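Here is a short briefing on the inner space and the aromatic rings of a protein model. Please have a look at the structure first.

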Amino acid sequence: MTLTADRPVRTVPPKKPRKGGRQGREALLLMLPALVPVLVFSVGPLLYGIFLAFTDARSGRNAVTSFVGLSNFGDLLTDGDFWASFRIGMIWAVSVTVLQFLASLGLALLLNQKMRFRGFARVLAMVPWAMPPVVIGLMWRLVYHPDAGILNSMLGTEIDWLNDFSIALPAVIVVGIWTGMPQTTVVLLAGLQSVPKELYEAVEVDGAGVWRRFWNITLPQLRPVIVAITSLDFVWNINQFGLVYVLTQGGPGGQTRLPMLFAYEEAFRYGFFGYAATLGVAIVIVVLAVLGVYLWRQMREAS
């Protein structure tokens, strides 16, 4: 007599259909309405600008465009006007970025405190952000007006702030700081509100003062936010055009002629589109190099 045991029957679960490819295609189709304008209005002009940088494109109905290779870049390296504009642009971008960050950090720390009308104060701090650069430029032209300006009335002076060779650039830098403070303040305020309160409570038990709490907790916790917003501010400031154009149009005597103003003059005043595109490509390369070094140092210090 043999005993036989019933072996359990193995059930193989059915294979689930792979949905990765289908979901990816559906996601791409859903993104197309947003991607098409980006490709048309951002990527397309960018690639066309890079192409123009290697040509001698000029204005004119019968102008013939030919490929010139790196000739424009060679001319740019020996152009004294470009280097003067680049120096002014770097002074402008670095000054506005640094001073704007310090002022915004102080304002964010103030708006993060418990006080009366804090919500109203936060709304007032956002007012410059809601104003177009042209409106801001016209408003500050009135503030700086040598005869009817409120600044000269308050100081009892008759200084022509925007036409004086020695103070035109500092005066424009002040406007740039005031214009860019709101977005920097918002980002820093959001970073301050994300810092865990338990950290402050722990150091308060140890008797840490205000400066020690700020230096040992607030700044280290804000480091990623600071790196991000200062990088963006530098890019925005080096590419500034409208605000300075309305204020001074690059004057007096080119003392406030930023690189983008120089490119505008080369393209639309003198008609050298290829050379102006070369300047734009050069500025992009410089900005990427500066940001690369800055971000590398910040990541190295953080690690």
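A cavity here is a set of points, on a 1 Å grid over the protein atoms alone, where a 1.4 Å probe fits but cannot get out. Lining residues have an atom within 4 Å of a point. The model is predicted, so local features need pLDDT of at least 70 and side-chain atom pairs pLDDT 80 or more, while totals for chains, interfaces and linings use all residues. Residues are numbered from 1 along each chain as its sequence is written, and side-chain values use heavy atoms, without hydrogens and water.

**Cavity**
- The whole structure has one cavity of 30 Å³ or more.
- About 40 Å³ of space lies in the largest cavity, a volume being the space filled by probe spheres set on the points.
- Its lining consists of Tyr245, Gln249, Leu261, Tyr264, Glu265 and Arg269.

**Aromatic rings**
- There are 16 aromatic pairs in the structure, counted when ring centres of Phe, Tyr or Trp (its six-membered ring) lie within 6.5 Å.
- Phe54 and Phe67 are stacked because their planes stand at 20 degrees, with the centres 6.4 Å apart; stacked means planes under 30 degrees apart.
- Phe241 and Tyr245 are also a stacked pair, 5.4 Å centre to centre and with 20 degrees between the planes.
- Phe241, Tyr245, Tyr264, Phe268 and Phe273 form one aromatic cluster.

**Exposure of the stacked rings**
- Phe67 has a relative accessible area of 63% and is therefore exposed (over 50%).
- Phe54, at 23% relative accessibility, is partly exposed (between the under 20% of buried and the over 50% of exposed, with a 1.4 Å probe and protein chains only).
- Tyr245 is partly exposed at 27%.

Note on methods:
1 Å grid on protein atoms, 1.4 Å probe; cavity = no way out; pocket = protein on both sides within 12 Å on 5 of 7 lines; lining within 4 Å. Phe/Tyr/Trp six-rings, centres within 6.5 Å; stacked < 30°, edge-to-face > 60°.
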